[in-house]
Amino acid sequence: MSADLREKQLLQKAKMGDENSFESLILSCQNKAFNIAIRYLKNEDDAMDALQESFIKIFRHLSSFKEDSRFDTWVYRIVVNTCNDMLRKNSNQKITDSIFKTEDEKETVIEIPDVSGSPEEVFNKKEKTEHIISCLEKLSQEQKEIIVLRDIHGFSYEEISKMLDCSIGTVKSRINRSRLRLREILLEQNEKHFV
Amino acid sequence: MTRINGIRRESVMKCSEIRELLSLYIDNMLDDNQVKEVEEHLSSCDACRKEYNELKGIHELLGQAEMIPVPDEFSFRLKKTLSEEKLKMIDEGLITKQPKKKNRWRLITSVAAIFAVGILSYGLYDNVMGNLPFPSDGTDLAGMKAATEETNNVKAAGLKGKTGESESKMEDPGSTSNGRVVMKEQGTEPQPMTTYKVNIAAADNAPTDSGSVQTNDAAAGSRQSEGDRPAATADVEVESIADTEGCFEYFALKNSMISQDECSRSLTGSGPERNSAAVQYYNKLIEEKLAGFDYQVLECTYAQAGEWHFRIFIFRGKDGNTYNEEIRIIGKDGKTETICSNGFMGL
């Protein structure tokens with residue numbers, strides 16, 4: 001049976017209140033949804049809360065899902081909205097350990113990766129990635145959101161436009177501006193370190 | 001063409017335009033003409049090329065960010081919350097309770113449940129309660145067979161008392177790959193259509209590739225005199241089906257139990273009733289698939305259109321890592337499909 005057909009069947013049962021079918025339905029997008037939430041909320045506990053709240057909302061409003069679009073895109077959209085709601089509510093964010101914190105608590109500074117082979121690659125790729133991710137916090141929420149969805153999770157422009165409920169033109173310009181801004185932040189950090 | 005700070009005006013303008021296109025270029029969102037224009041510019045403009053390389057590098061590194069697995073406790077937490085939410089939704093009238101199965105199914109399943117209680121209680125004693133009859137470590141089922149055989153003996157003895165006419169006997173377990181309880185009327189010829197209750201089936205009773213189930217021509221069956229007894233009691237219901245192997249009862253935690261006569265009918269039918277042999281078959285595939293895993297099958301349910309859904313809890317993977325996560329394996333058309341959100345399990 002094709003995955004689509006199976007998804008349709010699970011959806012039908014879940015709409016009638018079958019929790020098991022619902023759990024099967026969300027199983028395939030649970031991991032990605034959790035990681036989206038973590039990037040937004042920066043800690044596992046909040047991400048789990050957001051994920052649970054999202055799934056309950058989805059379960060409750062399953063009947064409103066129009067089956068002409070992809071189910072997982074709909075799920076991620078709800079997760080994004082839930083995360084944004086939580087961020088707005090918790091404007092005095094509690095201080096918790098970020099999963100991106102480095103061990104020695106100092107800000108690591110690395111050069112912007114230069115594929116042309118420029119000098120001084122200080123850290124390995126993983127640490128570079130983590131540093132770049134930590135710099136996302138210096139972006140505006142809107143800029144960070146688009147980077148998370150496009151660059152970290154690889155959603156297409158069309159998917160992002162559905163998830164954020166905006167036009168593809170808006171997605172295009174936001175992605176470009178956000179990446180340029182992120183690059184500037186990394187450059188600023190490099191300058192601070194080397195001056 | 002004017003010069004500004006030594007740079008041709010045309011190039012300055014073009015750089016700012018190109019800059020707006022760099023992200024789209026990285027994401028393959030430009031048409032062919034635009035791609036050509038960007039590439040031509042990048043080949044001659046060091047500043048733009050540097051910026052492009054840096055943006056591309058950032059994009060690629062972010063794409064390699066590690067995915068963090070969903071914590072183990074989440075699924076239990078979600079399950080509990082979903083159940084609570086469902087009750088709320090029923091109270092609010094948003095959903096109705098699950099439609100009741102047809103009366104026929106209810107009668108059969110409830111009757112089968114009574115019949116299975118005796119098996120289950122013995123199974124509980126032998127620590128097989130709640131498990132499907134295929135242990136994950138692939139140990140021999142002899143102990144379980146013996147348990148079932150003894151229960152069958154008890155039933156057989158009871159049956160004998162009830163019928164007053166027939167006598168039951170236990171077949172020599174060694175004579176078949178399963179232990180079988182054969183209900184036989186003394187002195188009667190084996191009838192072509194008989195209900196059996198057998199032990200946990202052996203692995204060689206997988207359905208054939210045509211979808212039909214192996215049948216056993218051995219005339220080991222006989223017909224019970226009274227045909228109206230419910231199958232789930234100590235009596236065995238008379239059913240007119242072909243003598244077959246591979247019919248067995250399986251145990252589920254929820255109300256998915258199939259009665260003996262449903263099971264029996266399944267082996268000759270071509271429709272969804274081919275359940276028992278199918279479950280046995282898929283269990284075998286699951287065992288092979290999960291060789292080396294420490295797991296427990298939580299539930300086996302029959303969905304529509306011939307699908308068997310197995311809920312399986314993975315304690316440890318074959319890599320030795322602890323997962324404590326639930327997966328699902330769906331069996332249909334002789335194949336299995338695994339639904340697993342954790343990509344690290346290797347499933």
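A residue counts as exposed when its relative accessible area is over 50%. The legends below describe close-up views of a predicted model.

**View 1. Asp333(B) sits in a loop of chain B and has a positive phi.** The loop that holds Asp333(B) runs between strand 8 (322–332) and strand 9 (335–339) of chain B. With a relative accessible area of 60%, Asp333(B) is over the 50% cut-off and is therefore exposed. Its phi is near 55°, a positive value in a residue other than glycine. Most residues other than glycine have a negative phi.

**View 2. Asp165(A) is a non-glycine residue of chain A with a positive phi.** The phi of Asp165(A) is about 55°. Asp165(A) belongs to the loop between helix 7 (157–163) and helix 8 (168–194) of chain A. The relative accessibility of Asp165(A) is 58%, so this residue counts as exposed.

**View 3. Helix 6 of chain A packs against helix 3 of chain B.** Two packed helices are described by the angle between their axes and the distance between the axes. On the chain A side, the contact is made by Ile147(A), Arg150(A), Asp151(A) and Ile152(A). Helix 3 of chain B contributes His59(B), Leu62(B) and Gly63(B). By class, this contact has three nonpolar, two polar and two charged residues.

**View 4. Chain A and chain B meet at an interface.** The contact takes 58 residues from chain A and 57 residues from chain B. Between them the two chains bury about 5,700 Å², with 58% of this area on carbon and sulfur atoms. Met48(A), Arg60(A) and Arg183(A) supply 12% of the area that chain A buries against chain B, more than any other three residues.

**View 5. Glu44(A) has contacts in both chains.** Glu44(A) is found in helix 3 (residues 44–60) of chain A. Its relative accessibility is 32%, so Glu44(A) counts as partly exposed. Leaving aside neighbours within four places in sequence, Glu44(A) is in contact with Phe34(A) and Ile38(A), and with Ile68(B) and Pro71(B) of the other chain. Phe34(A) is 10 residues from Glu44(A) in sequence, and their C-alpha atoms are 8.6 Å apart.

View 6. A disulfide needs two cysteine sulfur atoms within 2.5 Å. The closest cysteine sulfur to that of Cys45(B) belongs to Cys48(B), at 3.6 Å, which is too far for a bond. For Cys48(B), the nearest cysteine sulfur is that of Cys15(B), 3.5 Å away.

**View 7. Chain B is built from helices and strands.** There are eight helices and nine strands in this chain. Of the 347 residues in chain B, 46% are buried. Among contacts in chain B between residues at least 6 apart in sequence, 57% join residues at least 24 apart.

How values were computed:
Residues are numbered from 1 along each chain as its sequence is written. Chains are lettered from A and ligands numbered from 1 in the order in which they are written. This is a predicted model: local features need pLDDT of at least 70, side-chain atom pairs count only at pLDDT 80 or more; totals for chains, interfaces and linings use all residues. Side-chain values use heavy atoms; hydrogens and water are left out. Axes are lines fitted to C-alpha atoms, for helices over the stretch in contact, and angles run from 0 to 180 degrees between N-to-C directions. Helices (H or I, at least four residues) and strands (E, at least two) are DSSP runs, numbered from the N terminus. Contact means heavy atoms within 4.5 Å. Ala, Val, Leu, Ile, Met, Phe, Trp, Tyr, Cys and Pro count as nonpolar, Asp, Glu, Lys and Arg as charged, and the others, Gly among them, as polar. Buried area is the accessible area (1.4 Å probe) that two parts lose on being put together, summed over both. Buried means under 20% relative accessible area, exposed over 50%, partly exposed in between (1.4 Å probe, protein chains only).
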